[in-house]
Amino acid sequence: MATTASTAAHTSLGSVTLEVADLEGARRFYSAFGVDTYIHLRASETPSTGFRGFTLALTVSGPATVDGFFGAAVAAGATVLKPAAKSLWGYSGVVQAPDGTIWKIATSAKKNTGPATHEIDDIVLLIGVEAVKATKQFYLDQGLSVAKSVGSKYVEFTPGQPGAVKLALYKRRALAKDLGVPAEGTGSHRIALGSTTDAFTDLDGFAWETAAPLA
């Protein structure tokens with residue numbers, strides 16, 4: 001079957017900027033949580049209610065490390081949405097930061113094979129979309145490349161560089177269910193994605209802008 005190659009310049013996710021009402025408070029939280037080197041923050045009062053349509057997920061080595069990050073987030077002021085517990089896929093918990101961003105902390109391991117660490121294997125920005133296949137094609141047309149795809153359920157794109165935040169797609173309602181929150185939400189996503197090429201807005205209203213390098 002013939003395919004048509006995209007003429008878009010190669011692009012990838014270069015940065016993630018969270019828009020927060022309390023900038024100094026958010027800086028303190030993310031420093032205590034231990035993820036401040038992966039994200040940008042900027043002040044915003046743009047209205048937003050309910051589920052913002054995305055989560056940031058930490059993948060770590062084992063349950064003890066999940067518990068360490070989970071405890072640090074809660075101690076810094078996060079709200080528990082799902083307590084850390086074993087599941088079919090491993091061990092995970094979900095918290096909501098004071099700024100409203102939802103974070104999932106997970107490992108595929110169900111037992112500890114060593115002591116807890118402060119190391120993060122991957123951070124994935126998982127955005128909930130209405131139509132995974134259509135959004136996948138949209139991003140291919142923008143110049144992103146796919147690293148992993150599971151039919152119409154899940155797509156993960158190739159990161160721009162080692163250690164960068166990865167981008168993935170999931171059905172919005174399925175993502176909300178996994179996080180333990182209602183799927184409804186209105187207003188701003190309160191997040192900006194940094195493009196290594198041009199600015200654009202995707203099919204679900206996620207805005208991409210010229211990437212700013214992390215300090």
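Author: Buried means under 20% relative accessible area, exposed means over 50%, and partly exposed lies in between. Lys 166 has 18% relative accessibility, so Lys 166 counts as buried. Keep in mind that this is a predicted model.

Reader: Fine. What does Lys 166 form a salt bridge with?

Author: Asp 122. The closest N and O atoms of the two are 3.5 Å apart. The pair links distant parts of the chain, with Asp 122 in strand 8 and Lys 166 in strand 11, 44 residues apart.

Reader: How do strand 8 and strand 11 run, and how many bridges join them?

Author: They run parallel, and 6 bridges join them. Strand 8 covers residues 122-129 and strand 11 covers residues 166-171. Leu 125 stands opposite Leu 167 in strand 11.

Reader: Zoom out. What is the strand order in the sheet?

Author: The order is 5-6-7-4-8-11-10-9. That is 8 strands in an open sheet with mixed pairing.

Reader: Which strands stand at the edges?

Author: Strand 5 (79-87) and strand 9 (146-150). Each has a single partner strand, so one side of each is left without a neighbour in the sheet.

Reader: How many degrees does the twist average?

Author: From one strand to the next, the twist averages 20 degrees.

Reader: Helices next. Where does helix 3 lie?

Author: Helix 3, residues 132-142, lies across strands 8, 9, 10 and 11. Its direction is at about 150 degrees to strand 11.

Reader: Which strands does helix 4 touch?

Author: Helix 4 (residues 172-179) packs on the sheet and touches strand 4, strand 5, strand 6, strand 7, strand 8 and strand 11. The direction of helix 4 makes about 100 degrees with that of strand 11.

Reader: Which residues of helix 4 are buried?

Author: Arg 172, Leu 175, Ala 176 and Leu 179 are buried. Down the helix axis they fall within an arc of 100 degrees, so they line one face of helix 4.

Reader: What does the face turned away from the buried side carry?

Author: Two exposed residues, Arg 173 and Lys 177. Arg 173 has a relative accessible area of 58%.

Reader: What does the side chain of Arg 173 meet in a salt bridge?

Author: The side chain of Glu 184, at 3.4 Å, N to O. Arg 173 is in helix 4, whereas Glu 184 is in the loop between helix 4 and strand 12, 11 residues apart.

Reader: What follows helix 4?

Author: Gly 180, and its phi is positive, near 80 degrees.

Reader: Back to salt bridges. How many in the whole structure?

Author: A search of the whole structure finds 7. Glu 24 and Arg 27 make one of them, at 2.5 Å, N to O.

Reader: How are Glu 24 and Arg 27 placed in helix 1?

Author: Glu 24 and Arg 27 are 3 residues apart in helix 1 (residues 23-33), so about one helical turn separates them. In general, residues three or four places apart point the same way, because an α-helix has 3.6 residues a turn.

Reader: Are those two buried, or partly exposed?

Author: Glu 24 is partly exposed at 44%. Arg 27 is partly exposed too, at 42%.

Reader: Last one. Which residues do shared partners join into one network?

Author: Glu 19, Arg 42 and Glu 209, through salt bridges that share partners.

Definitions and conventions:
Residues are numbered from 1 along each chain as its sequence is written. This is a predicted model: local features need pLDDT of at least 70, side-chain atom pairs count only at pLDDT 80 or more; totals for chains, interfaces and linings use all residues. Side-chain values use heavy atoms; hydrogens and water are left out. Two strands pair if DSSP finds at least two bridges between them. Helices (H or I, at least four residues) and strands (E, at least two) are DSSP runs, numbered from the N terminus. Axes are lines fitted to C-alpha atoms, for helices over the stretch in contact, and angles run from 0 to 180 degrees between N-to-C directions. Contact means heavy atoms within 4.5 Å. A salt bridge is a side-chain nitrogen of Lys or Arg within 4 Å of a carboxyl oxygen of Asp or Glu. Buried means under 20% relative accessible area, exposed over 50%, partly exposed in between (1.4 Å probe, protein chains only). The arc is that of the directions from the helix axis to the C-beta atoms.
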